[in-house]
Amino acid sequence: MATINTNYLKLKAGYLFPEIARRVNAFAQANPDANIIRLGIGDVTEPLPEACRAAMIKAVEEMGDRASFKGYGPEQGYAWLREKIAINDFQSRGCEVDASEIFISDGSKCDTGNILDIFGDDNAIAVTDPVYPVYVDTNVMAGHTGDANEKGEFKGLVYLPITAENNFTAEIPREKVDLIYLCFPNNPTGAIATKEHLKAWVDYAKANGSIIFFDAAYEAFITDPNLPHSIYEIEGARDCAIEFRSFSKNAGFTGTRCALTVVPKTLTAKATDGSDVELWKLWNRRQSTKFNGVSYIVQRGAEAVYSPEGIAQTKALVNFYMENAKIIREKLTAAGLQVYGGVNAPYVWVKTPNDLSSWDFFDKLLHTANVVGTPGSGFGAAGEGYFRISAFNSRENVEEAMKRITEQFKV
């Protein structure tokens, strides 16, 4: 008889966003006339930049001609895209990243989970709390944890609380950990990390032989010129960090799917015999075996992000969503709510009023104002009592949602 991976049974509560969808669908079925505004998941609403669309249309036409048709491409991504990324996203900021160290993929969400394939099962793993659920759930699925306690914390993970008291930035752990998940600008809190903060993490990682998984999916939304966009802006990071990035939010590729992971060739980890193994070789082998690459058409669209027109158009998209974040932040602050984030990130992190739990606030907001956000407790125990609101929506919907919350919902 076939058996299952019983680690999946530890995920009793289900993934956060399907649970939100379940509650919203139940409400919508019971209230078919309700005009629900969804500011929960981080999905974009504005069209793909024109430069990307034009490049993709041209690529489709190329696929109709035998002379220019493309079949299987390199699993690591086409060299012309990797080179554009290396020059524009890293070398322009003084980062020592070569095009050969960049791997094109279909999503940083996928890569932050798949990266575990090349690491052992006996690593001590640290995550922030609250945290993007994928980091935790993929480790549970891989068998790296025990069961969850009553607060939803899994045995075997080291949780690093990020709170208002520490400006939502993770404090260096006292104990030794091997793998560290960091996300800045942070999802869900919208917090940022200074160069000094990241330097402390790099120093810790190098001193302890740790590897940092640095999720920079929201780096395009940084407005402060003094803040780092990449962990490779920090001296020594090439020896201890893997970085994940995405075209999903800055260029609207959530439904188009294109992202990248940087694995420096200088980065090593230990084999069971104590020898050093180059992680680039392992990740290259993993991708070559389990991944057939992102389509030629999509990669041409991603390449267009770096054209003069693409740069201007993606900047306009980012500015649009950041104006939404500003509206959300200012309106909720004026309504008397405690608000964080929304300055260098497209997420606004709200303290729930009147000591409401995160899910109670979710339900009350849904039923009273017909607005959907994300309960903070879904991101971890330290997220209880908070609520995430996404700036990814139309201007009309954002303004209407803020009107409903401030005028109809009694805070």
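Which residues does Arg257 touch, not counting residues up to four places away in sequence? The legends below, for views of a predicted model, begin with this residue.

View 1. Arg257 touches Ser105, Asp106, Gly107, Ser248, Val294 and Val298, leaving aside residues up to four places away in sequence. With Ser248, the contact includes a polar one between the two side chains, at 3.5 Å. Arg257 counts as partly exposed, its relative accessibility being 28%.

**View 2. Ser246 in strand E7 (residues 241–246).** Ser246 has a relative accessible area of 13% and is therefore buried. Not counting residues up to four places away in sequence, Ser246 touches Ser108, Ala217, Cys258 and Ala259. A polar atom of the Ser246 side chain lies 2.9 Å from the backbone nitrogen of Ser248.

**View 3. Residues listed by UniProt under "binding site" (unreviewed entry).** The record names Tyr72, Ser108, Lys109, Tyr132, Asn187, Tyr218, Ser246, Phe247, Ser248, Arg257 and Asn292. These positions span 221 residues of sequence and are also spread in space, with C-alpha atoms up to 34.3 Å apart. Tyr218, Ser246 and Phe247 are among the residues that line the second largest pocket.

**View 4. Edge-to-face pair of Tyr218 and Tyr347, from a structure in which a search finds 26 aromatic pairs.** The ring centres of Tyr218 and Tyr347 are 5.2 Å apart and the planes stand at 70°, so the arrangement is edge-to-face. Because Tyr218 lies in the loop between strand E6 (211–215) and E7, and Tyr347 in strand E12 (residues 347–351), the pair ties together parts that are 129 residues apart in sequence. Tyr218 is buried, at a relative accessible area of 6%, and Tyr347 also counts as buried, at 1% relative accessibility.

**View 5. Edge-to-face pair of Phe361 and Phe387.** The two rings are 4.8 Å apart from centre to centre, with 85° between their planes. Phe361 belongs to helix H10 (residues 358–369) and Phe387 to strand E15 (residues 386–390), so that the pair links distant parts of the chain, 26 residues apart. Phe361 counts as buried at 2% relative accessibility, as does Phe387 at 0%.

**View 6. An aromatic cluster and two charges over rings.** Phe119, Tyr132, Tyr135, Tyr181, Phe213 and Phe244 are joined into a cluster by ring pairs. Elsewhere, the charged end of Arg82 sits over the ring of Phe103, 5.9 Å from its centre. The charged end of Lys351 sits over the ring of Tyr386, at 5.4 Å from its centre.

Methods: Residues are numbered from 1 along each chain as its sequence is written. This is a predicted model: local features need pLDDT of at least 70, side-chain atom pairs count only at pLDDT 80 or more; totals for chains, interfaces and linings use all residues. Side-chain values use heavy atoms; hydrogens and water are left out. UniProt positions are given in the numbering used here, feature names are shortened, and annotations may be inferred rather than shown by experiment. On a 1 Å grid over the protein atoms alone, a cavity is a set of points where a 1.4 Å probe fits but cannot get out, and a pocket is an open set with protein on both sides within 12 Å along at least five of seven lines; lining residues have an atom within 4 Å of a point. Helices (H or I, at least four residues) and strands (E, at least two) are DSSP runs, numbered from the N terminus. Buried means under 20% relative accessible area, exposed over 50%, partly exposed in between (1.4 Å probe, protein chains only). Contact means heavy atoms within 4.5 Å. A polar contact is a pair of N or O atoms within 3.5 Å; within protein, one must be able to donate a hydrogen and the other to accept it, and residues adjacent in sequence count only if both atoms are side-chain atoms. Rings of Phe, Tyr and Trp (its six-membered ring) pair if their centres lie within 6.5 Å; planes under 30 degrees apart count as stacked, over 60 as edge-to-face and the rest as tilted. A charge sits over a ring if NZ of Lys or CZ of Arg is within 6 Å of the ring centre and within 35 degrees of the ring normal.
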